[in-house]
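Begin with its overall layout and then turn to some individual residues.

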Amino acid sequence: MKKVIFAIFLLILNFSFAQNSGLKIVKKPINYSSERVALSLEYLKDHHGLNQKTPTINPKMIVLHYTAGGTVESNFKYFNNIHLESARNTLKKQSTLNVSSQYIIDRDGTIYQLMEPTQFARHTIGLNYCAIGIENIGSKTQTLTEKQIEANALLVRYLTQKYKIEYLIGHSEYGVFRKSTLWKESDPKYFTGKEDPGKDFMTKVRLKVTDLKLKDKPY
């Protein structure tokens, strides 16, 4: 009974935060079919060493990304594909499961939820099993906006209240976890260098959530 009451309290708290903070999340679910479920479970087993009945995660980390171009719609269509495109040969050798993320944020700050935060998404090698991915429309030459900074900070704050989030990193920073107990990747050679979403962007987002005391590396 106490657990039920506590769960209801958390729901009310999360709803209250969303209402008071101005946070608005638009549901835009990608195709999470039985085939995607099967490929996700296969990925969890082959790469993270986890045998699960459902492709779910226990979020401990949030990873911020940029899309390297496109629009919300074009990236949605891309993520909606279950299988990786042939051009991404390095990733496809590891699994045909397409990349995706739980959220994507437009340049005007609109937040779209592509799947439940606790559903598995392939977005950060070695950490997918515990990381929520947030994609941002932008690239190295298309600087992420102030509205995106604000939206990311609001979403990070919301997710940290909802789950036991301990870490906030940019995709370019994920390599520091390779020798930590959090890193779960069966292939030691499977690693790709990243530069998104940029040091300046991460600094600005972190300044807005300093009070949450989220870590950027394992200690």
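The report below goes from the whole chain to its sheet, its helices and a few residues.

## Basis of the description

This is a predicted model, in which local features need pLDDT of at least 70 and side-chain atom pairs count only at pLDDT 80 or more, while totals for chains, interfaces and linings use all residues. Residues are numbered from 1 along each chain as its sequence is written, and side-chain values use heavy atoms, with hydrogens and water left out.

## The chain as a whole

The chain has 6 helices and 6 strands, which are DSSP runs numbered from the N terminus (helices: H or I, at least four residues; strands: E, at least two). Read from the N terminus, the order of the elements is α-β-α-β-α-α-β-β-β-α-β-α.

Of the 219 residues in the chain, 48% are buried, where buried means under 20% relative accessible area, exposed over 50%, and partly exposed in between, with a 1.4 Å probe and protein chains only. Among the contacts with a separation of 6 or more, 76% are between residues 24 or more positions apart, a contact being heavy atoms within 4.5 Å.

## The sheet

The 6 strands of an open sheet follow the order S1-S4-S3-S5-S2-S6, and their pairing is mixed; two strands pair if DSSP finds at least two bridges between them. Strand S1 (25-27) and strand S6 (167-170) are the edge strands, each pairing on one side only. On average, neighbouring strands of this sheet are turned by 25° against each other, direction ignored.

Strand S2 (residues 61-64) pairs with S6 in the parallel sense over 4 bridges, and Ile62 has Leu168 as its bridge partner in S6.

In helix H3 (residues 72-80), the residues Val72, Asn75, Phe76 and Phe79 are buried. They lie on the same side of H3, because they cover an arc of only 105° around the axis, the arc being that of the directions from the helix axis to the C-beta atoms. The elements that cover the buried residues of H3 include helix H2 (34-48), strand S3 (103-105), strand S4 (111-113) and S5.

Helix H6 (residues 199-208) lies across S2, strand S5 (131-136) and S6, and runs at about 155° to S6; axes are lines fitted to C-alpha atoms, for helices over the stretch in contact, and angles run from 0 to 180 degrees between N-to-C directions.

## Two buried loop residues

Leu144 sits in the loop between S5 and helix H5 (146-162) and is buried, with a relative accessible area of 11%. Leaving aside neighbours within four places in sequence, the contacts of Leu144 include Tyr66, Arg107, Pro197 and Phe201.

Asp196, in the loop between S6 and H6, is buried yet has no salt bridge, and Lys194, the nearest side chain of opposite charge, is 5.7 Å away. A salt bridge would need a side-chain nitrogen of Lys or Arg within 4 Å of a carboxyl oxygen of Asp or Glu. Beyond four places in sequence, Asp196 is in contact with residues including Leu64, His65 and Tyr66.

## Backbone details

Most residues other than glycine have a negative phi, and most peptide bonds are trans. The peptide bond from Asp196 to Pro197, however, is cis, with omega near 0°. Ala68, in the loop between S2 and H3, has a positive phi of about 65° although it is not a glycine, and Ala68 is exposed, with a relative accessible area of 57%.

Key. Lys and Arg count as positive and Asp and Glu as negative; His and the chain ends are not counted.
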